[in-house]
Structures are given as structure tokens and as C-alpha cells.
Amino acid sequence: MAEFSDSMKKFGSTTATFFSRAKQYTEEQLGKAEATEFDARFESLLERADRTKQWTERLLKQTEALLQPNPGIRAEEYFYSKLGEKKPERLTHLETLGKIMEDAGNELGPGTSYGSTLVKCGATEKKLASAERDFMTKSVSHYLHPLKSFLEGDMKTISTERRTLLAKRLDLDSCKAKVRKAQTPERIQQAESELRVAQAEFDRQYEVTKLLLDGIATSHANHHRALQSFIEAQAQYYAQCFQYMQDLQRQLGTPPPTDSVPLVPPTAPSAADVRGVLDVNAYPRPSVTKKAKVLYDYDATDSSELSLLSDEVITVYNVPGMDNDWMVGERGSQRGKVPVTYLELLS
């Protein structure tokens, strides 16, 4: 019975305090009561804390979006983090592309030019994916984690203590109002006693809150170091990617020409399409000639033509009266007509 009585007294005291604070706050909003003002430095600390919280939340959100653009996957990662479980590993887009390229190259023929290129590109995409994973891991541990820890730790503590300070300030101003309204000596003495208690509690809470707000400067220094770590990881990531792509370009060399190399050897023009110049030896060698790379093997159909071997380099030139589909080709002392579609002219 005594415990019940104590509980009811405590409940009644708590309820009275709540209504007293609500009454004081409402009258302040209506301009019917005065509120204790904080000094300019304290107000500045409060403003800095609010700005820090706002911008830290925005920086955290945007960096998370940079590291993982898919909002669905971000929500999944948040869900697993709250459960305290490790999220199942899944292939990234780069890893998937690298695997498909390698599979395609092996299926189409790793011994062919195109198949070999696909395999090499696939291997590089996997390297890029590995660098990306490393960058994301470092960014989370060195940058995002400190920001989250600040918001979920220091900032929450500051918010809690600020709410407590507001409550103590309302209690103090309510007591001040009671002193002003007290008429009898007994009421004045009681109101002043309550005021001294409220003032002491307010002063104590003020110092606690001010100490925490001063700690924002230390948080800024920590965030500064975390940001430098993030930029360092980002620079390392892009440098790795650049190096991987340079290595790949050196491996691939010069790409095959797109305009002059069809998928199958072209059909050479028939002899009927050649207007005149059946005997190329009847024309002197001009002073201006060109070099040409042979794209495909070609077997001469008669003595006026020159047989060709793939990848060899020969000298070519035009003579008057020859069809545009043909040129005169020379290999040492050999000379004859060659089809233009089997050649790649070199600058």
C-alpha cells in the first residue's frame, strides 16, 4: 500500500511538472511570459551544432548514393545492418560484364582476334570491379562510419541534453513567475526556495550542454581527417582504373580497320570488269607509289595478276586506263594486277 502511495505521489509530481512546463511554454509563445535567454556564444554553439548535423546528414546520404546508386540495394544493406547480419555477396555490374566478356570470348574462340580481345577485356573489367570493391570498403570504414557514429552517438547525446536543458529552463522561468506572483511571506519564501533549486539544476544542465557543444570542434577535426582518407581512397581507385585501362590498350594494340575489313574475303572483280591494261608491264613504274598491307590470301586467275599472302606488305600504284577496283602490285621483281578490296593502304 505504501509503494502504491509513493507511486501515485511520483505520478502526481511528474504530471504537475509537465503541465507547469506546458503552461510556461504556451505563455512564452503568446508573449505573456518571459524566457531566460542564453548568452551569444552559447547561441552560436547551438547554431553550429544544428548546421553540423544538417550537413553531415546530407554528406552521408549523397556519399552513400555515390557508392551505391541503387536505392533498393541501399535499403537492403540498411536492413541487414540493423539485423546485425552480413549481406549476401552479389556480383557487381563490372564483375558481371567481365564474366560475360570472358565467356563470350571463350565461346567464340580465344584463338581468334575478337575472342582473344573479349577475354582480355573481361579480365580487365574484373580488375576494375576488384578496385571498386576496395574503394567502397575503404570509403565506408574510413568516411561513412565516422559520420554515422557522430550522428548516432554525439549528436543524439547533444539533442537529448538540449531537450533536458529546455525543460530545466522552463522550470526556472516558471519558478521566476511564481516568485513575482507570490503575495504572502510564506508563498514568497516557498517560491524563492523552488527558484534556487531550479536555478541550480538549470546551471548544471547548461554547463553539461555547453561542454558537449564545445566538442563539435573536435568532431569537425575528426570529420576532416575522415574526408582526407576518403579522397585518398578515391584518388587511389581512379589511378588503379587508369593504369588497368592503359595496360589493356597496350595489350590490344591497334584495332583492326572497320571500313576495309569485311567478315569474309570479298569477291575480286572479274576480268570483264577490267577496262584495258591487260599487260601491266607495258606501263612504266610511276614515281609516286604507296605501300599496302594484304588483308587476305588471293590466288591469281591469270598471268596478268599477282597472287597475295595475308599480312604481307607490297608496293602498289595506279596506271592509266585501269579500273578503280584494281591496282598494280609489286613484290620484288614480281608485278601484276591486285584487287583493291584485298588491300589496306598504309599512310
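This is a predicted model: local features need pLDDT of at least 70, side-chain atom pairs count only at pLDDT 80 or more; totals for chains, interfaces and linings use all residues.

Trainee: At what angle do α2 and α6 cross?
Mentor: The axes of helix α2 (residues 40-67) and helix α6 (residues 185-214) cross at roughly 50 degrees and come within 10 Å, where axes are lines fitted to C-alpha atoms, for helices over the stretch in contact, and angles run from 0 to 180 degrees between N-to-C directions. That makes α2 oblique to α6, since angles under 35 degrees count as roughly parallel, over 145 as roughly antiparallel, 65 to 115 as roughly perpendicular and the rest as oblique. Helices here are DSSP runs of H or I with at least four residues, numbered from the N terminus.

Trainee: Which residues of α2 meet α6?
Mentor: R41, F42, L45, L46, R48 and A49 of α2 meet Y206, T209, K210, L213 and D214 of α6, contact meaning heavy atoms within 4.5 Å.

Trainee: OK, how does α2 run against α7, parallel or antiparallel?
Mentor: The axes of α2 and helix α7 (residues 216-252) come within 12 Å, crossing at roughly 20 degrees, which makes α2 roughly parallel to α7. On the α2 side the contact is made by R48, A49, T52, T56, T63 and L66, and on the α7 side by I216, A217, H220, H223, F230 and Q234.

Trainee: What about α5 and α6, how close do their axes come?
Mentor: The axes of α5 and α6 come within 8 Å and cross at roughly 155 degrees, and the two helices are therefore roughly antiparallel to each other.

Trainee: Where is the kink in α5?
Mentor: A kink of about 40 degrees lies at L144, shortly before the proline P146, the bend being the angle between axes fitted to the seven residues ending there and the seven starting there.

Conventions:
Residues are numbered from 1 along each chain as its sequence is written. Side-chain values use heavy atoms; hydrogens and water are left out.
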